[in-house]
Amino acid sequence: MLQSEEPIIHMLHDSTIQLARSLANRIITPQFLKDTPVTELNMDDPQIYKPEHTIFKGVTTKFKLQKLLNDGALVRGSIPGYFSTIAVDKLYDEFCDYQTLPDECFRDDVLKEAKVIDGEEDGEVLFHYRVDVLWWHIAQLVIPGTTAKRFEHLPKVAGLVLVLPHSNAGEERLFKRKNKTESRASMKLKGTLSSLLAMKLQYPEQTVPCHMWSPTKELLDSSKKAATAYNTEH
């Protein structure tokens, strides 16, 4: 393609920038790479680089370095951190890329969809963004110039993290409602407190309080049949 008579190097611009960002992600501190375009980085500034012990090396790099060592082209003491046993995979690359994502990656319609209004305080609207919506959008991003997913593995990890319970506040509130019952000491699987909590969970106050619930005729009939069958067998 580069042998064409017409200048078409511009067609490789996006792919070249993406390759440069991918390489820079491995050795440059995310805050510098996020605030400064990769083409404007001062590569002579030692402050922009990650500490050597945090730089991950792939298998190909290790094999190449080992070959250079065997050939005498390198001295092991000159590259002390290059033979770490830390595995490198695509997840690490995606995480580095995610850390340097510019805000422009989130379109206005995506932010509007994810935005949740919490209220208003001193004339200022309080809001937050739904993380699940943002991560769904991140999962749809593609590598510029291709149809390949930019983040193939990281959204899956984020999805697992999002389903983890952040606290047991809900359970504590539920338990507190029945915490003062006289049968509190009967905290057994088949005890009174367990039954009360089960009723509370199955029939919350938004529908009908458990003490006001009336079983249907079908449920009573099935319960009688179950009781009869149990008594017959025992």
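**How the helices meet**

Guide: Let's start where Gln18, Arg21, Asn25 and Arg26 of α1 meet Asp93, Cys96 and Asp97 of α4. Please keep in mind that this is a predicted model.

Visitor: What makes you say that α1 and α4 are roughly perpendicular?
Guide: Their packing angle is about 105°. Angles of 65 to 115 degrees count as roughly perpendicular, so α1 and α4 get that name. Their axes are 9 Å apart.

Visitor: Which residues of α4 are buried?
Guide: Helix α4 covers residues 90-99, and its buried residues are Tyr92, Glu94, Cys96 and Asp97. They pack against α1, which spans 13-27, and against α7.

Visitor: How do you know whether Asp97 is buried or exposed?
Guide: Buried means under 20% relative accessible area. Asp97 has 7%, so Asp97 is buried.

**Salt bridges**

Visitor: How many salt bridges are there?
Guide: The structure holds four. One of them joins the side chains of Asp97 and Arg150.

Visitor: Why is the contact of Asp97 and Arg150 called a salt bridge?
Guide: The name calls for a side-chain nitrogen of Lys or Arg within 4 Å of a carboxyl oxygen of Asp or Glu. Asp97 sits in helix α4 and Arg150 in the loop between α6 and α7, so the pair ties together parts that are 53 residues apart in sequence. With a relative accessible area of 13%, Arg150 is buried.

Visitor: What about Asp109 and Arg107?
Guide: They form a salt bridge too, with their closest N and O atoms 3.0 Å apart. Asp109 has 44% relative accessibility and counts as partly exposed. Arg107 is also at 44%, so Arg107 is partly exposed as well.

Visitor: What makes Lys217 count as exposed or buried?
Guide: Exposed means over 50%. Lys217 reaches 59%, so Lys217 counts as exposed. Asp221, at 31%, is partly exposed, and Lys217 forms a salt bridge with Asp221, the closest N and O atoms being 3.0 Å apart.

Visitor: How far apart are Lys217 and Asp221 along helix α10?
Guide: They are four residues apart in α10 (residues 217-233), which means about one helical turn separates them. An α-helix has 3.6 residues a turn, so residues three or four places apart point the same way.

**Inside and outside**

Visitor: How do you know whether His137 is buried or exposed?
Guide: The cut-off for buried is under 20%, and His137 has a relative accessible area of 7%, so His137 is buried. This residue lies in helix α6 (residues 131-140). Leaving aside residues up to four places away in sequence, His137 touches Cys105, Phe106, Arg107 and Val110.

Visitor: And what is on the surface?
Guide: Leu91, Val157, Val161 and Leu164 form a nonpolar patch there, with about 310 Å² of accessible area together.

Visitor: What can you tell me about Thr16?
Guide: Thr16 lies in helix α1 and, at 46% relative accessibility, counts as partly exposed. The C-alpha atoms of Thr16 and Pro144 are separated by 9.8 Å, with the two residues 128 residues apart along the chain.

Terms used
Residues numbered from 1 in each chain as written. Predicted model: local features only at pLDDT ≥ 70, side-chain atom pairs only at ≥ 80, totals over all residues. Heavy atoms only, no water. Patch = residues over 30% accessible without salt bridge, like charges linked within 9 Å, V, L, I, M, F, W, Y side chains within 5 Å. Areas by Shrake-Rupley, 256 points an atom, 1.4 Å probe, with all protein chains shown as cover. Buried < 20%, exposed > 50% of the residue type's maximum accessible area, 1.4 Å probe, protein only. Helix = DSSP H or I, 4+ residues; strand = E, 2+ residues; numbered from the N terminus. Contact = heavy atoms within 4.5 Å. Axes fitted to C-alpha atoms, helices over the stretch in contact; angles between N-to-C directions. Parallel < 35°, antiparallel > 145°, perpendicular 65-115°, else oblique.
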